[in-house]
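Please go through this structure with me, point by point.

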Amino acid sequence: MQRVYLDEIEFPDAQPLGIQLMLLTIAPDDQAIEQARRLIAREESAESLSREAIIEIATTIVVYKFTNLSRNEVETMLGVGLEQTRFFQEVKEEGREEGREEGREEGREEGREEGREEGREEGRLVAKLELVPRMLERGMSCEEIAELLGLTLEQVTQTAQPPV
């Protein structure tokens, strides 16, 4: 077993692909993009990493190094599309899931508010209907009660009839 310190490696371009990918994590920002481009442009290696795997690793490192850049900026800098990378797919799925959860929460809140409003409306109607018998006892006509309380004549007459 041999310990390797990335910042002490001489001739980084002569290193195996795995070491070069690791060096990308500590590369200064002004050199990281060019280094990532060289790695992505590299032909498939005999080191068992496909071009897609190299793109995946290099773009993930760059995305984490340059968190202030947009997806389009990273794509332009590297000359590759990020949509096909696993990193992008995972971020996209996380975003979808967050969106679904926010939508569910908004729906629940709207449902609660609608339920409260329906309850208030129902409470107001019940209060008005409870006044009908008293108003009839005072000699008011069904038409007057309906007009005064904002009820239909049918609601007043149904309430005025004793339950059977």
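1. Residues 24 or more positions apart supply 39% of the chain's contacts with a separation of 6 or more. Contact here means heavy atoms within 4.5 Å.

2. This is a predicted model, in which local features need pLDDT of at least 70, side-chain atom pairs count only at pLDDT 80 or more, and totals for chains, interfaces and linings use all residues. Residues are numbered from 1 along each chain as its sequence is written, and side-chain values use heavy atoms, with hydrogens and water left out.

3. What is the chain built from? It has seven helices and zero strands. Along the sequence the pattern reads α-α-α-α-α-α-α. Helices (H or I, at least four residues) and strands (E, at least two) are DSSP runs, numbered from the N terminus.

4. The C-alpha trace spans about 105 × 30 × 30 Å along its principal axes. The radius of gyration of the chain is 36 Å, well over the 15 Å that the globule rule gives for 164 residues, so the chain is more spread out than a compact globule. That radius is taken over C-alpha atoms, and the rule is 2.2 Å times the number of residues to the power 0.38. Buried residues make up 24% of the 164 residues. Buried means under 20% relative accessible area, exposed over 50%, and partly exposed in between (1.4 Å probe, protein chains only).

5. Look at H1 (residues 17–26) and H2 (residues 29–41). They pack at an angle of about 155 degrees, with axes 10 Å apart. Axes are lines fitted to C-alpha atoms, for helices over the stretch in contact, and angles run from 0 to 180 degrees between N-to-C directions. H1 and H2 are therefore roughly antiparallel. Angles over 145 degrees count as roughly antiparallel, under 35 as roughly parallel, 65 to 115 as roughly perpendicular and the rest as oblique.

6. Which residues of H1 and H2 meet? Leu 17, Gln 20, Leu 21, Leu 23 and Leu 24 in H1 touch Ala 32, Gln 35, Ala 36 and Leu 39 in H2. Seven of the contact residues are nonpolar, two polar and none charged. Ala, Val, Leu, Ile, Met, Phe, Trp, Tyr, Cys and Pro count as nonpolar, Asp, Glu, Lys and Arg as charged, and the others, Gly among them, as polar.

7. H2 also packs on H3 (residues 51–65), at about 170 degrees and with axes 9 Å apart. That makes H2 roughly antiparallel to H3. Among the H2 residues in this contact are Asp 29, Ile 33 and Ala 41, and those in H3 include Arg 51, Ala 58 and Lys 65. The contact residues divide into ten nonpolar, one polar and three charged.

8. H2 has a contact with H4 (residues 71–78) as well. Their axes come within 9 Å and cross at roughly 65 degrees. Ile 33, Ala 36, Arg 37 and Ile 40 of H2 meet Thr 76, Met 77 and Leu 78 of H4. Five of these residues are nonpolar, one is polar and one is charged.

9. Now turn to H5 (residues 86–137), which holds Val 91. Val 91 counts as partly exposed, at 41% relative accessibility. Val 91 and Asp 7 are 84 residues apart in sequence and 31 Å apart in space, C-alpha to C-alpha.

10. Glu 109 also lies in helix H5. Glu 109 is partly exposed, with a relative accessible area of 36%. Glu 109 and Glu 144 are 35 residues apart in sequence and 40 Å apart in space, C-alpha to C-alpha.
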